[in-house]
Amino acid sequence: RGEFNQFLDHPVLEGAWMTKHDGTFYLQYSACGTSYTNYALGCYTGQHPLGPFTYQQRNPILISHSGLVNGCAHHSVVEGPGNTLWCVYTTLVGVRAGCERRIGMDPVGFDENGEMFIAGPTETPQFAPGVVADPARGNAAGLLPLTVHQPATASSWIEGREPVYAVDNYIRTWWEAAATDADPWLQIDLEAEFEVSAARTIFADMGLDYSADVMPGPYQYRIEGSNDAQRWTVLCDQSANTEDRHITYDTWAPEVVRYVRLTILAIPPGMRPSVWEFTVFGKPDA
């Protein structure tokens, strides 16, 4: 247990899952603690569901210490279309509580030695199950994250929650608008013109407090694009959204822009305008 496996007297071994593939039983498990970024999946193989089992050479089968998605474990493996397998796992947030998690999903594959692997964790748009025949060998939609570490500004912010934190590709920092900001917006300069067609917005839910009846709810917002930061075109209009979607993924017909802007129009009552990460995806303008 521990970020560097330093607590030798309290090992954490949990979340067992068994998968049978081509006559082999794959016994998967999670270690070394759900509140750490090194939480990962390991795998043993055997020829009988009760063992004996051998630790496969390809281990861990899913791990990430950094980036937007980390601490990836405590999972299940489920069947998808076309006899594909998918790993559904939890990922670490750890802001409000050490075990605060979200959900990820990536395809499962088997290498030339018959050892299990998970093609992830992924952080860019992927095709849904059933689109690609063998998603474990490549399932990316071919869109680049164009806003990561790009120049960011906003209508306002509070100290320590500057707009740069909405584009740092890290889940434990966020941009938060000032309490007096009646029209909060976040603007990113892509520094060149790109063909953009999708965005992922992770709202930070700052102010969430179940004990005080501050509950999750729908966000209403608008995403716009521009080439001069003066004249704006609406790319995505969620001004009438009524769905509770803490993590949103929006798509639209490709538009060539240099600047993108997220305007928050309405938030759940009692919360504060805040965004963990705003990522716009696209391709170089050919």
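A: A residue is called buried under 20% relative accessible area, exposed over 50%, and partly exposed in between (1.4 Å probe, protein chains only). Strands are DSSP runs of E of at least two residues, numbered from the N terminus. The model is a predicted one, in which local features need pLDDT of at least 70 and side-chain atom pairs count only at pLDDT 80 or more, while totals for chains, interfaces and linings use all residues. Residues are numbered from 1 along each chain as its sequence is written, and side-chain values use heavy atoms, with hydrogens and water left out.

Q: How many residues of strand 2 are buried?

A: Strand 2 is largely enclosed by the rest of the structure, because 7 of its 8 residues are buried.

Q: To which strands is strand 2 joined by bridges?

A: Strands of a sheet pair through backbone hydrogen bonds, either parallel or antiparallel. Two strands pair if DSSP finds at least two bridges between them. Strand 1 (residues 14-21) is joined to strand 2 by 6 bridges and runs antiparallel to it; here Thr 19 has Tyr 26 as its bridge partner. The hairpin of these two strands has 2 residues between them, and Asp 22 takes a positive phi near 50 degrees. Strand 2 and strand 3 also run antiparallel, joined by 7 bridges, and Tyr 29 has Gly 42 as its partner in strand 3.

Q: What surrounds Asn 38, and is this residue buried or exposed?

A: Asn 38 lies in the loop between strand 2 (24-31) and strand 3 (40-46). Asn 38 counts as buried because its relative accessibility is 6%. Contact means heavy atoms within 4.5 Å. Leaving aside neighbours within four places in sequence, the contacts of Asn 38 include Gly 2, Phe 4, Ile 63 and His 65. A polar atom of the Asn 38 side chain also lies 3.2 Å from the backbone oxygen of Glu 3.

Q: Where are the cis peptide bonds that join Ala 31 to Cys 32 and Gly 120 to Pro 121?

A: The bond between Ala 31 and Cys 32 has an omega of about 10 degrees, and Cys 32 is placed in the loop between strand 2 and strand 3. For Gly 120 and Pro 121, omega is about 5 degrees; Pro 121 belongs to the loop between strand 8 and strand 9 (144-145).

Q: Which phi values do Glu 191 and Ala 229 have?

A: Glu 191, although not a glycine, has a positive phi of about 70 degrees. This residue lies in strand 12 and, at 48% relative accessibility, counts as partly exposed. Ala 229, likewise not a glycine, has a positive phi of about 65 degrees. Ala 229 sits in the loop between strand 13 (220-226) and strand 14 (233-238), and its relative accessible area of 22% makes it partly exposed.

Q: What is the volume of the largest pocket, and which residues are closest to its centre?

A: On a 1 Å grid over the protein atoms alone, a pocket is an open set of points where a 1.4 Å probe fits, with protein on both sides within 12 Å along at least five of seven lines; lining residues have an atom within 4 Å of a point. Grid points are joined across faces, edges and corners, and a volume is the space filled by probe spheres set on the points. The largest pocket has a volume of about 740 Å³. Of its 29 lining residues, the closest to the centre are Ile 103, Gly 104, Thr 122, Arg 200 and Ile 247. Strand 7 gives the largest share of the lining, 6 residues.

Conventions. Helix = DSSP H or I, 4+ residues; strand = E, 2+ residues; numbered from the N terminus. Polar contact = N/O pair within 3.5 Å; in protein donor to acceptor, adjacent residues only side chain to side chain.
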